[in-house]
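Biologist: Please take one part of this model and look at it closely. Then carry on residue by residue, with the cut-offs as you go.

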Amino acid sequence: MELEKLSSNKCFDGELTKYKFRSEALGGLDSRFNVFIPANASKGKVPVLVYLSGLECTEDNGAQKGNFLGPAAKEGIAMLFPDTSPRGAGIEGETDDWDFGVGAGFYVNATNPKYAKHYNMLTHITEELPKVIETAGLPIDFSRQSVFGHSMGGHGALTFYLNSLRTGTKQYRSASAFAPISNPINCPWGQKAFSGYLQGGVEEAKEMYDATELITKLAGKASVHVLVDYGTGDNFYKKGQLLPENFLKAARDAGYGEVQVRVRQQEGYDHSYYFISTFGADHVHFHGNFLKA
């Protein structure tokens, strides 16, 4: 699993580098990711913020358009941008739809035998990438990491974080999301993904792949640090794909107040990177509070 450097660009006195490696978690396929290392990493390992992109995206969208790198450089934290799915598996039908298969791995470990060899983005991001990066000697301290994401990636970020609290691993110190798919067992995107990737479908997903279900299960068992932004002009919000109100209600019912779970409705903003880049610095600063504590 040796890293191959594909490109490197200086930005904000740090360096954004794209790497490729052969991923065991993704069934032996090549996988790419971007990592931003701030200038202060020359003095020692730095904490890391993981960004999970949405449907149809790659490892490049957040790095290029999120407005994250400048704020991350100021905070002195690294950033990791994984891909959104395995690529090149050659599974029948995996490129037929934009919201399932390639570019739409939904940050799960597949249990449907058709996809189980390759579609293991949960293991790829939470276990494999940290090991590969540490083995390569990059100056990142994975004992200090947080996670955020957009849409499908917001779903991934919230579920990664809440599951890490529920299981006691506490891998991530905080989580945030832009327009996340907050209650996927009750929206078309989630139902389609879970019915395909998971042998037990939506019922199986309830256990660990739905943020609204997870915050309910977590009630009183751990303190949480969550920030969510969504826009009232978001067509996917209007169509019932995101359901942030369900997550907010579940959080409040579980006893989590505004300080622990903050959900902000942003008037007129849509689902695009114009929205994300507007609030990107807010989110990086939010995580910096916990990563540098």
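Modeller: Helices are DSSP runs of H or I with at least four residues, strands are E runs of at least two, and both are numbered from the N terminus. On that basis E75 lies in helix α2, which covers residues 69–75. The model is predicted, so local features need pLDDT of at least 70 and side-chain atom pairs pLDDT 80 or more, while totals for chains, interfaces and linings use all residues. Numbering runs from 1 along each chain as its sequence is written, and side-chain values use heavy atoms, without hydrogens or water.

Stay with E75. Its relative accessibility is 15%, so E75 counts as buried (under 20% is buried, over 50% exposed, in between partly exposed; 1.4 Å probe, protein chains only). The side chain of E75 has a partner: a polar contact joins it to the side chain of H285 at 2.9 Å. Such a contact needs N or O atoms within 3.5 Å, within protein one able to donate a hydrogen and the other to accept it, and sequence neighbours count only through side-chain atoms on both sides. H285 is also among the residues that E75 touches beyond four places in sequence; the others are V284, G288 and K292. Contact here means heavy atoms within 4.5 Å.

N67 sits in the loop between α1 (61–65) and α2. Its phi is positive, about 60°, although N67 is not a glycine. Most residues other than glycine have a negative phi. N67 is partly exposed, at 44% relative accessible area.

F12 also has a positive phi, near 50°, and is not a glycine. Its loop joins β1 (4–11) and β2 (14–23). F12 is exposed, with 53% relative accessibility.

Now F33, in strand β3 (residues 29–37). At 1% relative accessibility, F33 is buried. Leaving out residues up to four places away, F33 touches L3, T17, K18, Y19, F21, E59, L80, F81, P82, L129 and I133. The C-alpha atom of F33 is 20 Å from that of A177, which is 144 residues away along the chain.

Next, α7 (residues 211–218) and its packing. Against α4 (residues 152–166), α7 packs at about 20°, with axes 9 Å apart. Axes are lines fitted to C-alpha atoms over the stretch in contact, and angles between N-to-C directions run from 0 to 180 degrees. α4 and α7 are therefore roughly parallel (under 35 degrees; over 145 is roughly antiparallel, 65 to 115 roughly perpendicular, the rest oblique). The crossing of α4 and α7 is left-handed: the near helix is turned anticlockwise from the far one by less than a right angle, and clockwise would be right-handed. From α4 come L158, T159, L162, N163, L165 and R166; from α7 come A211, L214, I215, K217 and L218. By class, this contact has seven nonpolar, two polar and two charged residues.

Helix α6 (residues 201–208) packs on α7 too, at about 45°, with axes 7 Å apart. So α6 and α7 are oblique to each other. Their crossing is right-handed. K206, E207 and M208 of α6 meet E213, L214 and K217 of α7. This contact has two nonpolar, no polar and four charged residues.

Key: Ala, Val, Leu, Ile, Met, Phe, Trp, Tyr, Cys and Pro count as nonpolar, Asp, Glu, Lys and Arg as charged, and the others, Gly among them, as polar.
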